[in-house]
Amino acid sequence: MSNNNLKNATMAAVLTAVIVTPVFGLQLIRQGARTTMESNWSLVAIAAAIVFVFQLLRPWIAKPFQKLKTGLPTLPAAPAKTHKPLALLLLAIAVIWPFFAGRSSVDIATLVLIYVMLGLGLNIVVGFAGLLDLGFVGFYAVGAYTYALLYHWGGWSFWEALPFSGAMAALFGFILGFPVLRLRGDYLAIVTLGFGEMIRLLLINLNTLTGGPDGISGIPKPTVFGMEMTRRASTEGGTTFHDFMGWTFQNQDMVIYLYLMALLLALVTLFVSTRLIRMPVGRAWEALREDEIACRSLGLNPTRIKLSAFTLGAMFAGFGGAFFAARQGMVNPESFTFIESALILAIVVLGGMGSQVGVILAAVLLTVLPEVAREFAEYRMLMFGLVMVLMMMWRPQGLLPMKRPHVELAK
C-alpha cells in the first residue's frame with residue numbers, strides 16, 4: 001500500500017464529509033415559531049469511512065473488472081443490415097405495447113421518448129460536432145413557448161405550430177452559433193450556459209407576452225385529422241374522434257395517442273439524424289470534432305459546420321418542446337432550468353457520444369429508474385451524480401460507444 005493511495009483515500013474521505021454534511025449531517029426542524037438544527041454526525045462518519053476504505057482498496061477492487069471493461073460491446077459506425085429485422089421487431093413491440101400497458105407506464109414511456117428526441121438533437125452538437133453545449137434547454141423552451149404563444153395569441157393548433165416551433169428553435173440555434181464561432185472548450189460551455197439562462201430569465205420577465213413565472217396554461221392537445229380526442233367537442237357542432245369512429249370514449253385513448261405521437265417524432269428524429277451523419281455534413285462534423293485546424297486545412301469551413309450543427313440540433317429540440325407543451329397543457333419557465341440541460345447532456349455522455357443507440361438506452365435508464373425508485377426521490381440528484389462519477393471511472397466512453405472505422409499501419 002503506497003503513501004499515494006493513503007493520501008488519495010484521506011482526501012476523498014474529507015471531501016465526502018464536506019459534501020454529505022449539509023445533506024445528512026445537519027437538519028432543520030421547525031417547532032411552532034422556533035427553528036432548531038439537529039446534527040447526525042454518525043451518518044457523515046459512516047459515509048466518509050466507506051469512501052476511505054473504497055478508495056484505499058480500489059486498485060485491488062478494480063482488477064476483476066479489467067476484463068469486463070474491455071469486453072463490453074461497441075457499435076459499428078454504420079448499422080449492419082442484419083440488425084434491420086431486430087429493429088422492426090422492436091418497433092412493432094413499441095407500437096403494440098401501450099394498448100396492453102397501464103396508463104402510468106405509457107405516460108412514463110412518453111416522457112422517455114421526449115428525452116430521446118432531445119438526446120438525439122444534442123448528440124449532433126456534442127457527439128458529432130464536438131461542441132459542448134450547456135444551454136440546450138433554451139432551444140427546448142423556445143419550441144414549447146412558440147406553440148404556447150401561437151395558440152394563446154393566434155389560436156393556432158398543434159399541427160400548425162409544430163413546424164414553426166422547430167423553425168424558431170433552429171433560428172435561435174443559428175443566432176447562437178455566431179458568438180461561439182471562435183470559442184471552444186470551457187469558453188464555449190460558459191457562453192451556451194449563459195444563453196440558456198438568458199432564455200429562462202426573458203420568459204420570466206416578459207410578463208405581458210409569456211405570462212411571467214405563471215406561464216401559459218390551457219394549451220390544447222393535438223387533434224387527429226382536425227378531430228379532438230376528448231369526451232365532448234370544444235366547439236358547438238364539432239365532432240370528436242371517438243364519435244367519428246363509433247367508439248366509447250376512454251381517458252386512456254389520449255395517453256396512447258400522445259405516446260404514439262412521441263414515438264413517431266422520435267423515429268423521425270432518429271431517421272433524419274442517421275441520414276445526416278452519413279452525408280458530407282456529418283463527415284464534416286466529425287472532422288471538426290477531431291481537429292479543427294486539420295478540418296480547415298482540408299478546405300472545410302468551420303463556421304458553416306458549427307452553424308449547421310447548432311441549427312439542426314436546436315430544430316429537434318424545438319419539436320420536442322412543442323410536443324412537451326401539448327402533453328403538459330401548460331408551460332412555465334421552471335420547466336426549463338439548467339438541471340434539464342445537465343440531464344440531456346448526461347444522457348449523451350452516459351450513452352456514448354456519437355452513439356444513437358447508446359443515447360436511446362441512456363434516456364430510458366435516466367428517466368425510468370427515478371420513477372421506479374420514488375422512495376428515494378429526495379436523493380435523486382445525489383444518486384444521479386454518483387452514477388455519473390462511477391461511469392466516468394469505469395467506462396468513460398459510455399454504455400454503447402460508437403466504434404469508428406480506422407486503419408492501423410503495420411509496425
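User: What does Trp 159 count as at 40% relative accessibility?
Analyst: This is a predicted model, in which local features need pLDDT of at least 70 and side-chain atom pairs count only at pLDDT 80 or more, while totals for chains, interfaces and linings use all residues. Residues are numbered from 1 along each chain as its sequence is written, and side-chain values use heavy atoms, leaving out hydrogens and water. Buried means under 20% relative accessible area, exposed means over 50%, and partly exposed is in between (1.4 Å probe, protein chains only). Since its value is 40%, Trp 159 counts as partly exposed.

User: How many helices and strands does the chain have?
Analyst: Helices (H or I, at least four residues) and strands (E, at least two) are DSSP runs, numbered from the N terminus. By that rule, the secondary structure of the chain comes to 17 helices and 6 strands.

User: Of contacts between residues at least 6 apart in sequence, what percentage join residues at least 24 apart?
Analyst: Contact means heavy atoms within 4.5 Å. Among the chain's contacts between residues at least 6 apart in sequence, the percentage joining residues at least 24 apart is 75%.

User: At what angle do the axes of helix H6 and helix H7 cross, and how is H6 placed relative to H7?
Analyst: Axes are lines fitted to C-alpha atoms, for helices over the stretch in contact, and angles run from 0 to 180 degrees between N-to-C directions. Angles under 35 degrees count as roughly parallel, over 145 as roughly antiparallel, 65 to 115 as roughly perpendicular and the rest as oblique. The axes of H6 (residues 136–154) and H7 (residues 158–177) come within 8 Å and cross at roughly 140°. H6 is therefore oblique to H7.

User: How many nonpolar, polar and charged residues does the contact of H6 with H7 have?
Analyst: Ala, Val, Leu, Ile, Met, Phe, Trp, Tyr, Cys and Pro count as nonpolar, Asp, Glu, Lys and Arg as charged, and the others, Gly among them, as polar. Residues of H6 including Val 142, Thr 146 and Leu 150 meet residues of H7 including Phe 164, Met 168 and Phe 172. By class, this contact of H6 with H7 has 11 nonpolar, 4 polar and no charged residues.

User: Which residues does Thr 146 touch, not counting residues up to four places away in sequence?
Analyst: Thr 146 is placed in helix H6. At 12% relative accessibility, Thr 146 counts as buried. Leaving out residues up to four places away in sequence, Thr 146 touches Phe 164, Ser 165 and Met 168.

User: What separates the C-alpha atoms of Gly 143 and Ser 165?
Analyst: Gly 143 lies in helix H6 and is buried, with a relative accessible area of 0%. Gly 143 touches Ser 165, Gly 318, Gly 321 and Ala 322, not counting residues up to four places away in sequence. Gly 143 and Ser 165 are 22 residues apart along the chain, and their C-alpha atoms are separated by 4.5 Å.

User: What is the handedness of the crossing of H6 and H14?
Analyst: H6 and H14 pack at an angle of about 50°, with their axes 6 Å apart, which makes H6 oblique to H14. A crossing is left-handed if the near helix is turned anticlockwise from the far one by less than a right angle, and right-handed if clockwise. The crossing of H6 and H14 is right-handed.

User: How far apart in space are Phe 319 and Ala 144, C-alpha to C-alpha?
Analyst: Phe 319 is placed in helix H14 (residues 302–328). Phe 319 touches Met 117, Leu 162, Pro 163 and Gly 166, not counting residues up to four places away in sequence. In sequence Phe 319 and Ala 144 are 175 residues apart, and in space, C-alpha to C-alpha, they are apart by 8.1 Å.

User: How many residues apart in sequence are the parts tied together by the pair of Tyr 140 and Phe 336?
Analyst: Rings of Phe, Tyr and Trp (its six-membered ring) pair if their centres lie within 6.5 Å; planes under 30 degrees apart count as stacked, over 60 as edge-to-face and the rest as tilted. By this rule the count comes to 10 aromatic pairs. Tyr 140 and Phe 336 form an edge-to-face pair, 5.4 Å centre to centre with 85° between the planes. Tyr 140 lies in helix H6 and Phe 336 in the loop between strand S5 (330–331) and helix H15 (338–351), so the parts tied together are apart in sequence by 196 residues.

User: What is the relative accessible area of Phe 336?
Analyst: Tyr 140 is buried, with a relative accessible area of 3%. Phe 336 is also buried, and its relative accessible area is 2%.
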